[in-house]
Every structure is written in structure tokens, then in C-alpha cells.
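Reader: I would like to learn how to read the features of a two-chain model. Please take them one at a time, with the criteria stated.

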Amino acid sequence: MSFRVGGGTIVGLLGPNGAGKTTTVSIVCGLVPPDAGEVKVGGVALSGDTDPAKGRLGLVPQEPALYEELTAEDNLRFFGALQRMEGARLASRIDAVLRLTGLLERRRDRVKVYSGGMKRRLNLAAGLLHDPEVLLLDEPTVGVDPQSRNAIFESLEALRDAGKAILYTTHYMEEAERLCDRIVIVDRGRVVAEGTKDELGALLPGNGARDLDDEARAAVALLAARGIAVPGADGGTPRLEKVFLHLTGHALRDEP
Amino acid sequence: MKQALAIVVHELKLFLSDRRSVVVGIVTPILLATFFGFLFSGAGRQDAAKIPVLVADADDSAVSRAVVAGLAADALLSVSPAAAEDARQAVRRGKAAAGVVLPKGFGEGAVQAFFGAAAASEIVLLVDPSRATEAGLVRGLLAEKVFREASREAFGGATGTKVLEESLGVLEADPSPPTPERQALKDLLRDVTRWQGAAKGGTAGGGAAGGLGTAVPFTLKEEPVTARQGVTYNSYAHSFAGMAIQFLLFVAIDFGIALLLERQGGLWKRLRSAPLSRSALLLGKTAAGALVGLVSVAATFAFGIVVLGIRIEGSVPGFVLLLLASALMASSFGLLLAALGRTPGATRGLAILAVLLLVMLGGGWVPAFVFPAWLQKVTLVLPTRWAIDGLDAVTWRGAGLAAGALPAVAVLLGYTVLFLLVARLRFRWTDR
């Protein structure tokens, strides 16, 4: 598996359950040693637990990684200390990430009273606290309401515009389609395809022309509901999902 | 009804699905019940009742030697000779349950007192106040031996003959008018003298030891040996030591379980993704666990001191060091649990069993001296035994830093290092 995440881009890591998305993220941020190969940040290979280069990475784990009994501010203060931050810089970054994620007013509330969406946003804030150049997000919107999901997307788009390199794992096609500049489809620990949405769409046999827009897709779905098939439109299924199923197959994946 | 039955079957399936918890739930009560039954049954532990007693015989007379021999021959006692001050120190340190001090002139005085010819000799019985039951047994056996040997000497020994002759001489030389009581005593002494003569000639029948006498031949001064004179024994000191250590270990279980839960969630990933060494992470966790534990034991003892009058009669720095070392040991134990445990649920069950055994065998529930002798030796490998004995030593026993605290502190710190090393080696840092 080999791929690159450049500054100012969001790369989606897309794969079925058990494909190796979380393991890949764990290897990238040094939690799991690779069987072979290396991870380079800014062209420099990571070396060991205490490598200062780890500070250039920001991880947003799949589950909200927060101390529920502490306030948002106390959580961030602790995570900042682990990143060797202190004093005015830490205070200023706490303000910045809470503002970015819309939690500034709730900074002194204990996390246990937060909604699921607020916890996800605070989870993102913790990953951003030390202003990393590379942000690793492991399915950060699972179980999140549409408003919070949208807020997270907007935050990520703002971060991309600010030049951050973002690796975003998901198995939600619409998220990948909306957010990602490039998509890496992985399966069984290997990269099976990589490219932009259009480049991946071209991989579909006999259908490399163009994608349907939302209105056309809705129309195709309406016709399909009335029993009228539109050749080549496949019942309105988004093209990325078709590519995904084409590359990874239709068999159920029951890996935990 | 079928729904209720389905719920019963479902709950049983859930219960049985965690085999470790099932085993712990069954094994724990069996182990504890068996241990206490064994402890108090007396079966198969003949050495258990041998009470360690030190005897200081300053008299070295026939009577005193016979008393010492009588005590030594008793199946309930383990008697060793010692100087009076050594006996006192041994009792103070908990090395002996009691000390017996037979004073100079004890033998002759006992025989004289037997006939009321002199004040009774005073025997000093040094007792460990935490071992009141054993002290009571020693007191009874000592009285029996002294009474028997004093009477044996009075009615058959050289001292008895000498005392009889002297007493008769004193009575007969008395110029005051005779009284019925004095005449009766003279008659008794003459009869005893004749009986002694017949006994020496082999015609007295039942032997010399008849248990006859006219007065108790000794007085007993019982001295509870605490830190120093005037300090009374506070039984709360031991119970607080035991319970403080037990709940320190329970705090450690919570600490270990919290670490396991942290590993299950994303927090562990967040911690590990920071530029932070493994040692710093484990040491930080251990130090935090130790501080929490320290607060727990400090609060426990603070209550005991303020409300129940526990006093640190020995070394205060030693006491503080013991609490600190115990907290470090417990915290590293919690880390060990986190390193060896798989799931929080199963680990909690096994850890509770381990703590209960550690505290029980460490003398936290009942003092270790009630254990069989072999078990007393075996349990010296447990850190809890050292912690509890050490706290006993520096509180009511009044032991100093070097003798009372430092050996236990060294053992506890040794266990801390051992637990940390094993935890460091066995810790699973990655979960693929």
C-alpha cells in the first residue's frame, strides 16, 4: 500500500469493513508498526514513540477519545500538555479549535453532558489542537446528526483551504464524493484504485463518460420507481458507489 | 410465562458466557471459606498453637529451672531463653507473644510464700497486647507450673526442708504466749517435717508433689509491652493497617481497569499518537495511581488518628515512607493488572480474588500470628504482609525507622520495581 497526501488536499481512504483503513491510519500515526515500509511526514520517516515529527500529525480516532468527567477545556489542556504545549500558546489554540468546532460557549461543560455530535466535534478539536500539518480522521462522522456532520465538513474544508493535508477514512460514499479531492480505495490491505472521482468513474466498464448530477439522479430514481429503466443509469446509484462495488465485489464483509 | 423463561435462559447464557467470571465467582468463596475453616479448626497444624515465649531466668534455682523446663515441655508453647530486656524487645517487635521474667530469689521466695513465711515473689509477664488470647494461655500455664514446682520443692526439696526448719525455729523461739492459730501452724509444720522424712524413706505414698500449700507462692505482674511505658494498646491500629492496604489495592484495581477501558477506546490511540515515550506514559500513570492511593490511605489513617486515637508511637518518617511505598506497590500492581488483563470484566473478577487473597494471607483480616507456623513463613513473600506488619510496627509497637519501617519499605519498593518491569514487558502496546 502506498499513497501520498499533499498539503491543501483531502484524500479519502475508502474501503469495506476489514479492508485495513483503521490499521493504515494506526500505522501512519505510529500506533502500529508496519510489517514493511515506512511512513514519511514532510519527506522524513517517523522513528519511534518520541519522534517530534509525530507532533506534525493530528489523529481524530473513530470513537470520541475524550475524558467524559472533565470539561472540554480540561480535556484539551491535557492533550495539549502531551504535545508539549503550555502557557499562552496552549490557551490560544484551545480558543481557536473550540471556535472552529462551534464549542467555545460550552468549553466549561463536562463532556458527559455533550450530545454525540458535540463529542465528535470536540474529538476533531483535540486532533487539531497542536496545529498539525497532517490530519488523520478515522470515520469521524459515524452516528453524527446531519447538522454536526455538516459542521465537521465545513471545518475540514476550511482546514484544507488553510493548507492542511487531510487523510479521511470512511465507507460513506457521499462523504467521500463531497469532501475528497482524491480517493484511495483499499481492500484486504491493498490499494485497489486511486484517483479523483472522475478518474475512478472511468474505471467502470462501458461507463466512463460522465456522472449524473443530483437532479438527473433523482429523475432516474423516480422513473425506476415507476418501473421504467434508464439504460446506463443503473437505477440512480451514485457512480462512486458503483466503482466501489465493482472494485471490491458484492460479497458481504463480516470482519469486525 | 414463556417470556419470563426466555429471560431466565438468556441471563444464564450471558452469565456463563464469561467463564473467568464464573470461575472467580465460584472459586473465591470456596477459597476464603476453606482458608478460615482451616485456620480455626486446628486440624493438621500442630505447630500452629506453639506460642513463642521468651523466659528470662535470673534466679537459676531448682524451682525456676523446673518452671522453665515445665513451660518448655508444654506442647502449646515454644520456649526460648533470653535476657529480660531482650525478651521485652522481642515482644515489642511482635517476635514473641509473651516474655516471662523470673527474678533473683524467686525459687526460695516461692517456697517461703507457700507457707506464708514471706511475701510472694513477683513474676513479670510481658505480653503483646494484640495477642491477648495467647497471653491468657501463657498466664494460666505459668501459674500451673509455678504452683506445681513451688509445692514440689516445699514438700520435697531442700529449700522446703530448710524453710520448714527455719519457720519452726522462729515459732518455737517466739516468747509471746501461744495462740491456737500459732499452735496449729506449729503442728502442721511438724507434721510436714515428719511427712518429708517418711517420703525420703520411701513410705509416704503419693510422692512429693502433692499440690498442698497454704498460700499462692507468687504474684504476677502483667505488663503489656507497647511502644513505651504509659502507652496503651489501640486495637484500631492493626485493623486500620489491614483495611488501608486492602482498599489501597482496590483503588489499584480501579486504576488498572480504567487503563484497560482507556485502551479499548480511542483515548489510548490519542495518548500513543503524541510524541510520548512508553516509559513516560507508564510512569505517569503509575505515579498518578500512587498519589490517589496515598490520599486513600492517608485519609483512612487520618480518621483513625483523629477519631479513634491511633498514634504513631514509632518513627513518623517511617510511617510516611511505608504509606508511600505501599501506594507505589499498589499502583504498580494496578498497572500489572492492566498489562496482563484482557477485558475489564474478567480482569476485575480475578483482581478482586487476588487482592482478597493478598490481604487475607498478609494478615489484614486476622493477624498473621494465628496462622500455622509454616504459613506465617510462607506469607512473608507477600508485600501485603510486610506493609501491614510495618504499619503495626511504627504505630502502636513504637518501632524506629531502621528496625520497623525500612525493611518493609525495601520489600514494597522491590515489589514495585518487579511489577513495573513485568508490566513493561507484558504490556500490549498495539491492537491491530
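**Reading the model**

Author: R65(B) is partly exposed, with a relative accessible area of 44%. On this scale buried means under 20% relative accessible area, exposed means over 50%, and partly exposed lies in between, using a 1.4 Å probe and protein chains only. This is a predicted model, in which local features need pLDDT of at least 70 and side-chain atom pairs count only at pLDDT 80 or more, while totals for chains, interfaces and linings use all residues. Residues are numbered from 1 along each chain as its sequence is written, chains are lettered from A and ligands numbered from 1 in the order in which they are written, and side-chain values use heavy atoms, with hydrogens and water left out.

Reader: With which residue does R65(B) meet in a salt bridge?

Author: Side chains of opposite charge can pair when their charged atoms come close. The criterion is a side-chain nitrogen of Lys or Arg within 4 Å of a carboxyl oxygen of Asp or Glu. The partner of R65(B) is D60(B), at 3.3 Å from N to O.

Reader: How many salt bridges does a search of the whole structure find?

Author: Over all chains, 33 salt bridges are found. One of them joins E175(A) and R149(A), whose closest N and O atoms are 3.5 Å apart. E175(A) belongs to helix α6 (residues 173–179) of chain A and R149(A) to helix α5 (residues 146–161) of chain A, so the pair ties together parts that are 26 residues apart in sequence. Helices (H or I, at least four residues) and strands (E, at least two) are DSSP runs, numbered from the N terminus. E175(A) is buried at 2% relative accessible area, whereas R149(A) is partly exposed at 25%.

Reader: Which residues are linked in a network of salt bridges?

Author: The network consists of E73(A), D74(A), R77(A), D95(A), R107(A) and R108(A). Another salt bridge is the one between R160(A) and D161(A), with the closest N and O atoms 4.0 Å apart. R160(A) is buried at 15% relative accessibility, and D161(A) is exposed at 64%.

Reader: How many residues of chain A are in contact with chain B?

Author: Contact means heavy atoms within 4.5 Å. By that criterion, 28 residues of chain A touch 19 residues of chain B. The two chains bury about 2000 Å² between them, 56% of it on carbon and sulfur atoms. Buried area is the accessible area (1.4 Å probe) that two parts lose on being put together, summed over both. L31(A), D49(A) and L82(A) supply 29% of the area that chain A buries against chain B, more than any other three residues.

Reader: What is the count of salt bridges between chain A and chain B?

Author: The count is two. D49(A) forms a salt bridge with R278(B), with 2.9 Å between the closest N and O atoms. On the side of chain A that touches chain B, α1 (21–28), β4 (57–60), α2 (72–82) and α4 (116–128) each supply at least two residues.

Reader: Which residues of α2(A) are buried?

Author: An α-helix has 3.6 residues a turn, so residues three or four places apart point the same way. In α2(A) the buried residues are A72(A), E73(A), N75(A), L76(A), F79(A), G80(A) and L82(A). They pack against α3 (87–100) and α4 of chain A, and also against α10 (267–273) of chain B.

Reader: Which residue with a positive phi follows α2(A)?

Author: Most residues other than glycine have a negative phi. R84(A) follows α2(A), with a positive phi near 65°. R84(A) lies in the loop between α2 and α3 of chain A and is exposed at 54% relative accessible area. R188(A) also has a positive phi, near 50°. R188(A) sits in the loop between β7 (182–187) and β8 (190–195) of chain A, and is exposed at 58%.

Reader: Is K21(A) buried or exposed?

Author: K21(A), in helix α1 of chain A, is buried at 4% relative accessibility. A polar atom of the K21(A) side chain lies 3.2 Å from the backbone oxygen of P16(A). Leaving aside neighbours within four places in sequence, the contacts of K21(A) include E139(A), T169(A), H171(A) and V186(A).

Terms used
Polar contact = N/O pair within 3.5 Å; in protein donor to acceptor, adjacent residues only side chain to side chain.
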